[in-house]
Amino acid sequence: MAKIGVALSGGGYRATMWGIGALIYLADVGRNREVVAISSVSGGSVANGVVAQETDYRDSPGPEFAGRVRPLIRHCAHTGLFFWGPSTNAYVRSLFALAGLACAVTLAGVAATAVDGIRVLSGVLLVAGLLLAAGALVVFERRSVVVDRALARVFFHRDGVATPLRDVRRSVDHVFCATELQSGDHFYLSPGFTYGYRFGTGAPGGLPLSTAVQVSACLPGAFAVRRLPTDPHRTAPGPAVADPAPAATQLVLTDGGVYDNMADQWLTALADRARRADRPPAHYEVDEIVVVNASAGMTWRPLPPSRFPLAGELAALVRVKGVMYDVTTSHRRNTLVRWSERRAADGEPVSALVHIAQSPYRVADAYAAAGDRWPERATRAKEVLDALGDDPAHRAAWQERTLRSSGTRTVLRKLGADTTTDLLFHAYTLAACNLHVLLGHPLPPALRDREYFAGLVGRRDGP
């Protein structure tokens, strides 16, 4: 029996649904019983957290698992969490109201000054405007905490009390990956440990599960960095590195995707980590690494000139961030593909990629034509092509669906029923096809059709 590690990438609720679709496939064919760890960043961490909260993944047959995650599916389709989402709407409205009032009062003060000079009224208005603006900034800084609490209310609680991370320790290790900005490394939060290369090993203490998910999904700019006390999250010092963090009193955490948006770093470096004196207590190895990647890569998008210099600068900075994410992720994807073929030949862990930019025909086509080098994979590739329907109409339909999946925006607001259904259906089918070809996982006798996932999504006002 193989030991499988699953990595769930970032990408907002697009990534959440993409990860759930792949996990439903593994549960359907019984390979969830071989999963020892699920690592995640950003939107993938929402899926990972809900799985940890609701079930022991290894012990959940396919239909039972789908039922356990159905509330998450319906939430992503019909409700949403942030900007807009019922659990955070009051915060967003209050923020805009406070900012608008600050602008109005300040402008009134400026107008009064222009008309009458500095008088009591104009001075009061100007001071009040500045105080309101300062208050709006304070409220704005709390957006990460607001989302943390919303996650706890919506997903991560028991009897109204936020679930501690340590209380979801399962037979599967759920690892939430954040980026520690002082060290520039990943920082890992798990029900059994916390770990950072320069911080060493620690314990989750009383950290809520919702906080572990939120710091992993703390998209720069959209959310403020989180500062957590180092103690009790460090019990063993870090290794002898050039710049350790022995005196740090705070962890400064942001989105795990800043360091690795595919969340594979935890799994690919397991063997190296196990040799360190301060290694985290992760008592498992992996034979297979399944990377479920919901980031399609950048496409051509003109950056028009702006009449407002600041707006143009901000748009350029957003694009720069996107390029940096995309370059690192594309290098990781290419490395995983090469690693898959090399490791398969020498008996070490093998990897497989479930990439949102791929049609289910992509990998099957590549290996069906490579029978001289990979005869077993070629045979399985032909089985996949037969199951999909190897004709222009089916290929065109899947190509269109792939373009729609890839173009889904990175948001935490509701996706809509059709988009959610397509993401689940695409992820499930692609996982079934790619993992069958690359790893020899079972190909279901009849692949789930789109209507099955439409049934999971349901309607906003009913089943």
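Tutor: Two strands are said to pair if DSSP finds at least two bridges between them. The model shown here is predicted. In it, strand β5 (residues 173-180) pairs with β10 in the antiparallel sense, over 3 bridges. Within this pairing, Thr-179 lies opposite Thr-254 of β10.

Student: In which sense does strand β9 pair with β10, and over how many bridges?

Tutor: Strand β9 (residues 226-229) is antiparallel to β10, with 4 bridges. Here Arg-227 faces Val-252 of β10.

Student: How many disulfides does the structure have?

Tutor: A disulfide is a covalent bond between the sulfur atoms of two cysteines. A search of the whole structure gives 0 disulfides. As for burial, Cys-177 counts as buried because its relative accessibility is 0%. Cys-433, at 2% relative accessible area, is buried as well.

Student: What lines the largest cavity?

Tutor: The structure holds 1 cavity of 30 Å³ or more, and the volume of the largest cavity is about 60 Å³. Its lining includes Val-46, Leu-81, Phe-223 and Leu-412. Helices α6 (143-154) and α7 (209-216) each contribute at least two lining residues. By class, the lining comprises 8 nonpolar residues, 1 polar residue and no charged residues.

Conventions: Residues numbered from 1 in each chain as written. Predicted model: local features only at pLDDT ≥ 70, side-chain atom pairs only at ≥ 80, totals over all residues. Heavy atoms only, no water. Disulfide = S-S within 2.5 Å. Buried < 20%, exposed > 50% of the residue type's maximum accessible area, 1.4 Å probe, protein only. 1 Å grid on protein atoms, 1.4 Å probe; cavity = no way out; pocket = protein on both sides within 12 Å on 5 of 7 lines; lining within 4 Å. Points joined across faces, edges and corners; volume = space filled by probe spheres on them. Nonpolar A, V, L, I, M, F, W, Y, C, P; charged D, E, K, R; others polar.
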